[in-house]
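Work through these exercises with the model in view. Try each task before you read its solution.

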Amino acid sequence: MSGLADFQNSIYLQGLGDVVPSLPTDLTKLEGLAEKSLSAQAFGYVAGSAGSEATARANREAFDRWRIVPRMLRDVAARDLSVDVLGTAMPSPVLLAPIGVQSIFHPDGELAVARAAAAEGLTMVLSTAASYSMEDVAEANGDGPRWYQLYWPKDRELAVSFLERAKASGYTALVVTLDTFTLAWRPRDLNQAYLPFLRGIGVANYFSDPVFQKAVGGEISAANRDMAILHWVANFGNPSLTWDDLIFLRDHWDGPIALKGIQHPDDARQAVDAGMDAVVVSNHGGRQVDGAIASLDALPDVVEAVHDQATVLFDSGIRTGSDVAKALALGAKAVLVARPYAYGLALAGQAGVQHVLRCLQAELELTMTLSGHPRVDDLNPEILVRA
């Protein structure tokens, strides 16, 4: 029986001693608090999106267009939110999405997130653009489940090195982000002329890599730091990649592979044809293409296109437990949450991340239970209506 909703009871019990949560339990309130806590540059980086930010708004508006229809007298005494996704057992269908440069939110960055994920038994997806190396994050994550997200560099030898290091460090699935081979027009960052990578933040996996170091003359130091940053610029993304290049990944990664950034059903079909194990329906939280389709609007057609031949995951816009339930009902096997845990990290480090994860899962379980659906498999489009 799931006990994720017990977090609610623990809050009320602590209230008997006049102890209240240090962070809001309404996760939509975290952004405003984080804005007051973070520097303008750091907040703009995490909260900002492409162009007019229409895609980010569309992600949230899409959730409001679907409404849950609760059912009664359904025997919801025993609840089970556990799932198995790409061979990883999970207590609930919630993963921590890859977010780069986390040290600009909190000094411990990805290390704190790795510890929080492990403490909650949830899967962390580590970004290539991390502030700490994948080895250091793996050590902080301990026995926790972890996946690795690849920004596919131009240098194929460097890509192979990343994959070999990730495998050796216990990352069991590969998430390949397709939509960020170059950075989008992001006014919040541009208005402050702020790109953390050029300041040596978010490049730990590159600077610690033997292939990368060899290309810049050895371990990164004051003597070759500028050269290293320029080498990062030259190799970050590869706009020439095509579907045929996926063979390269299969040749160098023997675990499950998920393609992140899929929004069109034809791309989902091509992923299946290429032998990929999963797709992540995502528009990068609105950070890449302004005016793009909302991820939730894209989800049903992608689910139909893959016909159970690949696992469908969902990303972009998740803020509440009911959001998670809606994405699952529309066919996602699990969701990736991003900005809320980044705000939790900014406000309270590891404890803040754990607070976000506990709130999200408790609200998910309560939403499902009160709607008459005690198991994840009970969720399907029939529990929803269009508003």
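**Exercise 1.** Is strand β10 (residues 311-315) largely enclosed or largely open, and why?

*Solution.* Keep in mind that this is a predicted model. Apply the cut-off: buried means under 20% relative accessible area. Now count along the strand. In β10, 4 of the 5 residues are buried, so the strand is largely enclosed by the rest of the structure.

**Exercise 2.** Which strands are joined to β10 by bridges?

*Solution.* Start with strand β9 (residues 278-281). It runs parallel to β10, and 4 bridges join the two. Next take strand β11 (residues 334-337). It is also parallel to β10, with 3 bridges between them. Here phenylalanine 314 has valine 335 in β11 as its bridge partner.

**Exercise 3.** Trace the chain from β10 to β11. Which helix does the chain cross through, and is the crossover right-handed or left-handed?

*Solution.* Leave β10 and pass through helix α15 (residues 321-329) to reach β11. This β-α-β crossover is right-handed. Then look at β9, helix α14 (residues 295-306) and β10: they too make a right-handed β-α-β unit.

**Exercise 4.** Is leucine 126 buried or exposed?

*Solution.* First locate leucine 126: it lies in strand β5 (residues 123-126). Its relative accessible area is 1%. That is under 20%, so leucine 126 is buried. Now list contacts beyond four places in sequence: they include Pro98, Met134, Trp147 and Tyr171. Proline 98 is 28 residues away along the chain, yet the C-alpha atoms of leucine 126 and proline 98 are separated by 5.1 Å.

Definitions and conventions
Residues numbered from 1 in each chain as written. Predicted model: local features only at pLDDT ≥ 70, side-chain atom pairs only at ≥ 80, totals over all residues. Heavy atoms only, no water. Buried < 20%, exposed > 50% of the residue type's maximum accessible area, 1.4 Å probe, protein only. Contact = heavy atoms within 4.5 Å. Pairing = 2+ DSSP bridges. Right-handed = clockwise from strand over helix to strand, strands pointing away.
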